[in-house]
Every structure is written in structure tokens, then in C-alpha cells.
Amino acid sequence: MTHSDQPRPLQSRASGPLTGKVRVPGDKSISHRALILGALAVGETKISGLLEGEDVLNTAKSMQALGARVERTGDFAWKVNGVGVAGFATPKTPLDFGNSGTGCRLVMGAVAGCPISAVFDGDASLRSRPMRRILDPLEKMGAKVISGGEGGRLPLTLQGARDPLPITYTTPVASAQIKSAVLLAGLAAPGITTVIETEASRDHTELMLKHFGADISSAREGVHGRRITLKGQPELHGATVVVPADPSSAAFPVVAALIVEGSDVVLSDVMTNPLRTGLFTTLREMGASIEESEARGDAGEPMAKLRVRASKLRGVAVPPERAPSMIDEYLVLAVAASFAEGTTIMRGLHELRVKESDRLEATAAMLRGNGVKVEISGDDLIVEGRGHVPGGGTVATHMDHRIAMSALVMGCASDQPVTVDDTAFIATSFPDFIPMMRSLGAEFS
Ligand SMILES: O=C(O)C1=C[C@@H](OP(=O)(O)O)[C@@H](O)[C@H](O)C1
Ligand SMILES: C=C(OP(=O)(O)O)C(=O)O
């Protein structure tokens with residue numbers, strides 16, 4: 001899906017207290033995985049709470065193009081009838097993943113284990129993102145890149161392996177996308193595929209593979225790492241998946257509630273997998289009032305209700321080893337840090353440079369353009385919080401949903417309004433962001 005229409009700017013201005021109870025949409029990582037594993041399973045998979053954002057809808061279309069039956073049966077309710085491990089058929093047209101790194105990279109892994117070829121493509125942002133990190137291990141497993149851009153950039157044609165090989169692979173950076181691509185290809189290989197990560201990344205693929213019947217285990221490796229072993233050629237069976245609310249989306253109303261005086265917001269069913277909650281840990285260290293209750297779990301994924309009340313925040317140092325558990329949340333953390341008193345240092349953010357945009361530069365530009373003192377030092381971001389933000393700037397979105405949402409959150413409490421140049425990309429991960437924030441009291445116009 002591409003955004004060829006006119007840009008859609010929006011202005012956010014300071015509001016009264018934000019109040020109310022909301023459920024942000026389903027988790028994006030889990031939604032992609034439920035569709036892909038459903039397509040690789042035998043029988044029917046029923047998904048409730050699926051994120052119906054553009055990124056996930058593109059994955060649904062690609063599963064259909066590869067031969068699975070994918071149907072929407074109600075609001076956020078989907079049914080997938082899969083083709084079985086290694087059962088994908090050659091798609092008739094290119095697979096278009098739009099803005100989505102996760103959809104594209106995980107499906108590359110799944111296709112790499114099938115004796116078919118497929119063209120992978122996406123929008124200008126995705127075409128600029130590195131794919132070699134995925135293609136390297138997949139080539140070791142027997143897949144081949146038949147044609148593609150420089151450095152493995154999209155569009156590219158991937159030919160899956162006729163006889164995929166199991167490998168032992170140490171990921172060069174903490175990345176759940178690399179890990180998941182190798183595991184999904186490993187499903188089709190005989191024997192044991194092992195992925196070693198020196199810093200643990202989100203483990204939704206492992207948890208969901210187990211839920212679908214795979215023989216997979218995970219053990220500690222070193223201080224912060226994991227060793228994941230998967231037995232190849234399982235028969236995956238269709239399953240029921242309840243998708244919890246996305247903590248990476250919850251991050252926006254959470255930070256808005258913290259910075260707008262007098263706010264009191266409740267968020268239901270937020271996923272609390274510890275490999276995703278680095279932001280909440282950090283905000284609490286900054287003095288945030290975030291209360292958790294009604295903890296429960298489904299298919300191995302914990303969730304809880306969060307009550308967030310406006311809080312006086314102070315600057316903190318965020319250690320680099322926390323980065324994988326909050327990798328998509330640094331933009332909105334930088335907004336919280338701008339409203340805090342004191343300096344916040346966020347360390348080890350090199351991976352932010354290869355997301356939908358160069359998020360390190362884009363975050364610094366967003367803050368600077370709104371009167372906040374900020375510095376990039378190597379891979380670190382240093383924000384000087386002064387307890388308030390002047391605002392008054394226009395923020396360039398760079399085809400990046402999280403920049404747009406972070407800037408709008410900043411405007412909720414800044415002295416002058418904050419404008420974003422284009423809100424269209426918010427639809428990739430949080431289609432109802434604008435009406436949901438307005439329902440809490442945000443002033444967007
Ligand atoms: O596996 C996933 O669902 C994701 C992994 C992360 O990317 P990396 O694997 O590149 O760190 C994250 O930034 C992305 O939004 C979702
Ligand atoms: C990085 C992100 O997603 P993806 O890699 O799937 O494009 C994100 O949602 O912030």
C-alpha cells in the first residue's frame with residue numbers, strides 16, 4: 001500500500017486533563033505472526049483482536065497470495081486456513097509490504113523454506129531499509145536472491161530452497177525480525193535450527209510457534225542473551241489466538257497522560273511481555289504513576305490494565321541493554337524526557353537509524369524544532385528536560401508513523417501548538433489514533 005494522496009497535516013495544542021478508558025489496537029508483532037503461522041499450519045486458525053492497520057493487512061494479503069485462505073469474519077476477527085509447513089505456492093504478483101519491515105522480513109523467512117520464488121516490494125521507506133541482515137542467514141539455508149537492489153534492497157526476487165538446511169546462527173544485532181526469519185525458514189528444514197542472540201529480543205515467534213505445536217525451546221545465553229532451538233518439519237496445527245493490546249501503541253496515550261496536568265487514563269489489555277516493557281520501566285524510574293492491575297495471560301502472552309496519572313518526571317540514564325525491550329518507544333520517550341526536569345541519556349540506539357526513517361536524527365529534529373535542547377553523541381541521544389516544551393514547530397514525518405504520533409503527543413502539553421506535516425502513515429499501526437486521542441480530550445485540529 002502506498003500513500004500517493006496529498007499529505008494530511010495536523011496540529012496538536014495544549015488541552016485540559018486527558019481522561020477516560022481506552023483499548024489501543026491489537027499488537028502489531030503478534031498480529032503479523034498469527035497470520036503467518038496460521039498460513040503455515042494445517043487446519044483453521046481463529047484470530048481475535050487483530051490489528052487492522054495497513055502493515056498487518058499487507059501481511060494478510062501476502063498470505064493469501066501464497067495460497068492460504070484468509071477471511072475477515074467480524075471486527076478484528078479473522079480466520080486463516082493454512083497450507084502446512086513448506087506448502088506456499090508461487091504468488092502470481094509481487095508481494096507488496098508497504099511500510100512494514102516486520103511483514104516483509106518474516107515472510108522472506110517463510111518463503112525461504114519453500115520451493116517457490118516470490119517478488120518482495122514495499123514503499124520508498126521500506127525500499128531504503130537493509131535486507132542483507134535477513135538474506136545472509138536465509139542464503140546459508142539454501143535460499144537465493146535472483147534479482148534485487150544494491151545491498152539487498154527491495155524490490156527483490158527470492159527463490160526458496162528446495163531442500164532447506166538447518167543452521168546455527170548468531171544474529172549480528174538484537175533483532176526479532178532476523179531471529180524470526182531464520183526460525184520460520186527452519187520450520188521447513190530437517191533437524192535442529194538454532195538462533196543465538198547476545199541480547200534477547202521480543203520472543204513472540206517462539207511463544208506462538210509453541211502454541212501452534214512446534215517443538216521449540218529457549219535457554220539463557222550469557223548475561224542478556226538467549227539460545228533458541230527449533231526442531232524442523234513439525235506439523236503445525238491451526239490455533240486460536242487472542243491478540244492483546246499493543247504496548248508500543250499504548251506508549252502514546254501513556255506519555256500524553258503523564259505530561260498533561262490532571263490527566264487520569266486507563267488502558268485495558270495491554271501486553272506486558274517483559275521483552276516489550278522497557279518504556280514502562282523507564283517511565284517509572286522517571287517518576288511516572290503507572291499502576292498495573294487485572295494481570296492475566298493468553299497463548300503465553302501476559303497482559304494487564306494500566307492506570308496512568310499525570311506525573312512530575314525527572315531525567316534518567318537508560319542503559320543500552322534495555323534497548324531491545326523498547327526499541328520502537330524511544331521517540332515518545334524523548335518527548336517525555338523533554339517535559340522532565342533534568343537530563344535523560346538514552347544509550348545504544350544504533351538500530352534506530354534503520355527503522356521507517358533514521359529515528360535518531362528525526363527525533364533530534366522533532367525536539368530541536370520545538371525548542372528542546374538535544375544532542376546525538378555516537379549512538380546516544382541526550383535530552384535536556386526543562387519541565388516544559390516551547391513547541392511552535394512543524395515536524396517532518398519522513399513516512400514514519402511513530403514520528404507523527406510522538407509529535408502530536410508533544411503538542412498535547414507544549415506552550416505553543418506542534419504541527420506534523422503528514423498523518424497518513426499513522427494508519428500503518430494505529431488507524432484510530434486521532435479519534436482515540438480526541439476521545440480522551442486531546443485537541444487536534
Ligand atoms: O519482530 C517484530 O515484530 C519487530 C521487531 C523490531 O524490529 P527489529 O527486529 O529490526 O529490531 C521492531 O522494531 C519492529 O517494530 C517489530
Ligand atoms: C519499526 C517498526 O516496524 P517495522 O520494522 O515492522 O516497519 C515500528 O513499528 O516502529
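**Ligands and pockets**

An oxygen atom of ligand 1 is 2.9 Å from a polar backbone atom of Gln177. I call such a pair a polar contact: N or O atoms within 3.5 Å, where within protein one must be able to donate a hydrogen and the other to accept it, and residues adjacent in sequence count only if both atoms are side-chain atoms.

Some housekeeping. This is a predicted model, where local features need pLDDT of at least 70 and side-chain atom pairs count only at pLDDT 80 or more, while totals for chains, interfaces and linings use all residues. Residues are numbered from 1 along each chain as its sequence is written, chains are lettered from A and ligands numbered from 1 in the order in which they are written, and side-chain values use heavy atoms, with hydrogens and water left out.

Now ligand 2. An oxygen atom of ligand 2 is 2.6 Å from an N or O atom in the side chain of Lys28, and one is 2.8 Å from a polar backbone atom of Gly101. For the side chain of Arg129, an N or O atom is 2.8 Å from an oxygen atom of ligand 2. Here the protein covers 99% of the 300 Å² of accessible area that the ligand has on its own.

Next, the largest pocket, with a volume of about 500 Å³. A pocket is, on a 1 Å grid over the protein atoms alone, an open set of points where a 1.4 Å probe fits, with protein on both sides within 12 Å along at least five of seven lines; lining residues have an atom within 4 Å of a point. Points are joined across faces, edges and corners, and the volume is the space filled by probe spheres set on them.

Where does the largest pocket lie? Domain 1 (10-21 + 275-286 + 311-444) and domain 2 (28-242) both give residues to its lining, so the pocket lies between them. Those bounds come from an automatic or database domain assignment. Of the 35 lining residues, the closest to the centre are Gln177, Arg202, Ile327, Asp328 and Lys355.

Terms used:
Areas by Shrake-Rupley, 256 points an atom, 1.4 Å probe, with all protein chains shown as cover.
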